[in-house]
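Visitor: I'd like a close look at one single part of this protein. Could you pick a helix and walk me through it slowly?

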Amino acid sequence: MTTPLSSVLLVLVAGFIGSIGMAFLKSGAGRLSMDVRALLSNWPLVAGIALFVLSSAFFVLGIRQGELTVLYPMVSLGYVWALLWARLFFNERLTKTKVAGLSMVMAGIVLLFIGK
């Protein structure tokens, strides 16, 4: 089975949207309350959940015709985006260790893609 480019693109879009969802969830977590009305009015939390659902829809569409062993690791590229969002929106530090870890994730993705 070969993995069509359309499947790769759908999974990459899923990872990107999921990473934005992570940022919204983090933002909403700061306003977290166990009151149901407060949960529903916590728009960053609701947006994060909605983005994860949308991301899942793209992912499902992507894996329909491709190889899961090639496509699923590509979701890890969302970590690269998450690092960028963490730096931009939450002022988190970009350390050498984080860059090294992301480099290993990316290298693993490249190896899996080459080895398909």
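Guide: Here is a walk along helix H1, from the chain around it down to one of its residues.

First, some ground rules: this is a predicted model, where local features need pLDDT of at least 70 and side-chain atom pairs count only at pLDDT 80 or more, while totals for chains, interfaces and linings use all residues. Residues are numbered from 1 along each chain as its sequence is written, and side-chain values use heavy atoms, with hydrogens and water left out.

The protein chain has six helices and zero strands; these are DSSP runs numbered from the N terminus (helices are H or I, at least four residues; strands are E, at least two). Of the chain's 116 residues, 27% are buried, meaning under 20% relative accessible area, with exposed being over 50% and partly exposed in between (1.4 Å probe, protein chains only).

Now for H1, which covers residues 5–29. (The expected span is 1.5 Å times one less than the number of residues.) Its buried residues include Val 8, Val 11, Gly 15, Gly 18 and Ser 19. The buried residues of H1 pack against helices H3 (43–63), H4 (68–71), H5 (77–90) and H6 (96–114).

Let's zoom in on Ser 19, which counts as buried because its relative accessibility is 1%. Setting aside neighbours within four places in sequence, Ser 19 is in contact (heavy atoms within 4.5 Å) with Gly 78, Trp 81, Ala 82 and Trp 85. With Trp 85 there's also a side chain to side chain polar contact, at 3.0 Å. That term means a pair of N or O atoms within 3.5 Å; within protein, one must be able to donate a hydrogen and the other to accept it, and residues adjacent in sequence count only if both atoms are side-chain atoms.

H1, H3 and H5 each supply at least two. Among the lining's 14 residues, those closest to the pocket's centre are Gly 15, Gly 18, Phe 52, Ser 55 and Val 75. A pocket, on a 1 Å grid over the protein atoms alone, is an open set of points where a 1.4 Å probe fits, with protein on both sides within 12 Å along at least five of seven lines; lining residues have an atom within 4 Å of a point.
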